[in-house]
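Here is a short report on one protein model. Read it with the sequence and the coordinates open.

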Amino acid sequence: MSLEEMRIKIDTVDEKIVKLIAQRIKQSQAIGDEKQKSRKPIEDINREKKVLAHIEALAREENLDEKEILDIYRQIIRSSKVVQGMVVAFQGEIGAYSEEAVFQYFGRSVSARHSESFESVFKLVEQGEASFGVVPVENSLEGSISRVYDLLLNENLQVCGELDLRIIHCLIANQGATLNSIKKVYSHPQALGQSQVFLGRFGYELISIYDTAGAVKMIKEQKMKDSAAVASARAAEIYKMKILAREIEDNPNNYTRFFVLAKNDSPPTGTDKTSIVFSVKHKPGALFDAVKEFADSKINLTKIESRPTRQKAWEY
């Protein structure tokens, strides 16, 4: 058999795989319709565990790499949840970076629901109005987002996934504006902080508000001719605004890590991370003694974050 003939066979197999995935998606959609009629939640963690265990066993029988097959099926299951009508909550206006994180993790077909605050995202998931929430927890340039860590400590949601998103800032204004006609720039404080060098060249007055895309929306609705916003290119597209400059962030190594939140944890993948919260006594060597246990067990720590206990001054 020639190389070309073998490639034709591969193409035929690929066609069958895609058609079978399409059949699975259609069946998932039918299941989603039935769930909505009976008011059952889209997320069924026990069913997902059974499906993945079955797939793992099949992969083993076929002498396939179990981890690689499971990774493929997790994406298929994710797509299946989307067509079932899954809602994912995020903080910010439509066009915010958090919305882009939702789409990158779940796909463009998911129903993304915007919310004004991190507290509201947690509430929507806890009350079952959203199956998942996506929140930023850390930026590679600006550090941790403390409010989200406090909510993770005080609320009952689980972290079931994470995503690193490359942040590309644009300077956005109404049609007809120029770099020299702008006097004020609005955005989230982190976006302004990440673009200080570029913005400082023009001497703009920098004004912080709660959201990047929200700044674009405000400038549009209020017809603020002498103002601009720092936000994503997608925000400019959504609100039909003009991009005055692209990639204005000071450092191209600008990433934000997002957590995916749910009522239940996701099934084990074999490459999972674990987050724990604990306190130690206020005495010399207390933290060393705690961290030493991880070192002795050959467990690598990727991040340590201290937060106030809020029970007594200067306790963390």
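How many disulfides does a search of the whole structure find? The count is zero. A disulfide is a covalent bond between the sulfur atoms of two cysteines. The model is a predicted one. Two of its cysteines can still be placed by their cover. Cys 160 has a relative accessibility of 13%, so Cys 160 counts as buried. Cys 170 also counts as buried, because its relative accessibility is 2%.

**Overall build**

The protein has 316 residues, and 38% of them are buried. Its secondary structure comprises eleven helices and eleven strands. Along the principal axes, the C-alpha atoms fill a box of roughly 65 × 60 × 50 Å. The accessible surface is about 19,200 Å². Carbon and sulfur atoms account for 51% of that surface. Take the contacts between residues at least 6 apart in sequence: 73% of them join residues at least 24 apart.

**Nonpolar cores**

The largest nonpolar core holds 35 residues. Val 88, Phe 106, Val 110, Phe 132, Val 134 and Val 216 have the most contacts inside this core. Helix 4, residues 97-106, gives the largest share, six residues. A second core is separate and has 17 residues, including Ala 89, Val 121, Ile 145 and Phe 259.

Residues up to four places away in sequence aside, Val 88 touches Val 102, Phe 106, Val 110, Ser 111, Ala 112, Arg 113, Phe 132 and Val 134.

**Strand 11**

With neighbours within four places in sequence left aside, Val 260 is in contact with Tyr 105, Phe 106, Phe 132, Gly 133, Val 134, Gln 158, Val 159, Cys 160, Gly 161 and Glu 162. Under the same exclusion, the partners of Phe 259 are Gly 133, Val 134, Val 135, Val 137, Leu 152, Val 159, Gly 161 and Glu 162.

| Pair | Separation in sequence | C-alpha to C-alpha distance |
|---|---|---|
| Val 260 and Phe 90 | 170 residues | 9.8 Å |
| Phe 259 and Cys 170 | 89 residues | 24 Å |

**Helix 6**

Helix 6 covers residues 146-154, and its buried residues are Val 148, Tyr 149, Asp 150 and Leu 151. What do the buried residues of helix 6 pack against? Their partners are helix 5 (118-126), strand 3 (132-139) and strand 4 (143-144).

Which residues make a nonpolar surface patch of about 370 Å²? They are Ile 276, Phe 278, Val 280 and Leu 287. Phe 278 sits in the loop between strand 11 (255-262) and helix 11 (286-296). Its relative accessible area is 45%, so Phe 278 is partly exposed. Buried would require under 20% and exposed over 50%.

Notes: Residues are numbered from 1 along each chain as its sequence is written. This is a predicted model: local features need pLDDT of at least 70, side-chain atom pairs count only at pLDDT 80 or more; totals for chains, interfaces and linings use all residues. Side-chain values use heavy atoms; hydrogens and water are left out. Patches are made of residues with over 30% relative accessible area and no salt bridge: like charges are joined within 9 Å, nonpolar side chains (Val, Leu, Ile, Met, Phe, Trp, Tyr) within 5 Å. Accessible areas come from the Shrake-Rupley method with a 1.4 Å probe; for residues, only the protein chains shown count as cover. A salt bridge is a side-chain nitrogen of Lys or Arg within 4 Å of a carboxyl oxygen of Asp or Glu. Helices (H or I, at least four residues) and strands (E, at least two) are DSSP runs, numbered from the N terminus. Buried means under 20% relative accessible area, exposed over 50%, partly exposed in between (1.4 Å probe, protein chains only). A disulfide is a pair of cysteine sulfur atoms within 2.5 Å. Contact means heavy atoms within 4.5 Å. A nonpolar core is a set of buried Ala, Val, Leu, Ile, Met, Phe, Trp, Tyr and Cys residues joined through side-chain atoms within 4.5 Å.
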